[in-house]
Amino acid sequence: MALILVIACIIFVWITSLFKIFLLARIRSTKHFTLNGKAFRKRNVLLVIAHPDDESMFFAPTINFLTSRGHNVQILCLSNGDADGKGNIRKQELYQACVSLKVPMQQVKIINHPDLQDGFGKVWNHSLLAKIIEEEITSHCIDMIITFDKYGVSGHCNHRDVHYGVCKLLYDTSRGDIEVWELVSTNILRKYSGPNDIWLSMFWAMLPSNGTVQCLVNEHSRRSFIAMAQHKSQWVWFRKLFVILSSYTYMNTLRKIK
């Protein structure tokens, strides 16, 4: 009887959380990402990721939020994910996934540099990363960057190096005309709590001690599943389970890097 009650409570909270996300998604606020508090305008956003599928597994709520409001989203993927010798396949999968997320293929750039190869234990040069990112900023008049935080959600060394590459660019150039936001990593319980994390994410975003924070809900969850399914070479059972259970499918918490 107790087990049935616990399961019923979990299902109730899950459904309630989904309903909360649904309601928040219907409120199409334009207050997020205004420039210095001024009136809403379109931004030129550069999403910097490490591997094909990062955009769908971790950043889909952010991408959906930005594209639905007409912001110009460019995606820079700093490797082709060739750890298993499937780099060319994963490159095409990324293009298809981005189309599902309403980001045109011509706004996606994939780097295949000998010093930036996918893999645990592969250390990426932060100066090289900063140089490549700066070239994209100049080419597309970027005024906002979004990337991983220093833990990189999963702790993957490539994710973390991308963060430090962006920070090196930010600190070396002292560019005040570009906002930089990082995707906040959570503990494992929150990470796999699905939509239930919306309550903690909203509360966490309100705490002044956490700096400038945006909590973005996924307005098109189904689109996220479709995008991840385009990565057929990676679409194995545990990643399907990840997409269902991961809080990053349903919301993103972004913190501004000062």
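This is a predicted model: local features need pLDDT of at least 70, side-chain atom pairs count only at pLDDT 80 or more; totals for chains, interfaces and linings use all residues.
The largest pocket holds about 480 Å³ of space, and 21 residues line it, among which Asp 53, Met 57, Phe 120, His 156 and Arg 239 lie nearest its centre. Two elements, α2 (54–57) and α10 (237–245), each give two or more residues to this lining, and α10 gives the most, with three residues. By class, the lining of the largest pocket divides into seven nonpolar, seven polar and seven charged residues.

The largest cavity contains about 60 Å³, and its lining consists of Leu 183, Val 184, Thr 186, Asp 197, Ser 201, Ser 247, Tyr 248, Met 251, Asn 252 and Thr 253. Strand β7, which covers residues 251–257, gives the most to this lining, with three residues. The lining of the largest cavity comprises four nonpolar residues, five polar residues and one charged residue.

The second largest cavity has a volume of about 40 Å³, and the residues that line it are Ile 137, Ile 145, Leu 169, Leu 170, Thr 173, Arg 175, Ile 178 and Val 180. Here helix α6 (residues 157–173) gives the most, with three residues.

Conventions: Residues are numbered from 1 along each chain as its sequence is written. Side-chain values use heavy atoms; hydrogens and water are left out. On a 1 Å grid over the protein atoms alone, a cavity is a set of points where a 1.4 Å probe fits but cannot get out, and a pocket is an open set with protein on both sides within 12 Å along at least five of seven lines; lining residues have an atom within 4 Å of a point. Grid points are joined across faces, edges and corners, and a volume is the space filled by probe spheres set on the points. Helices (H or I, at least four residues) and strands (E, at least two) are DSSP runs, numbered from the N terminus. Ala, Val, Leu, Ile, Met, Phe, Trp, Tyr, Cys and Pro count as nonpolar, Asp, Glu, Lys and Arg as charged, and the others, Gly among them, as polar.
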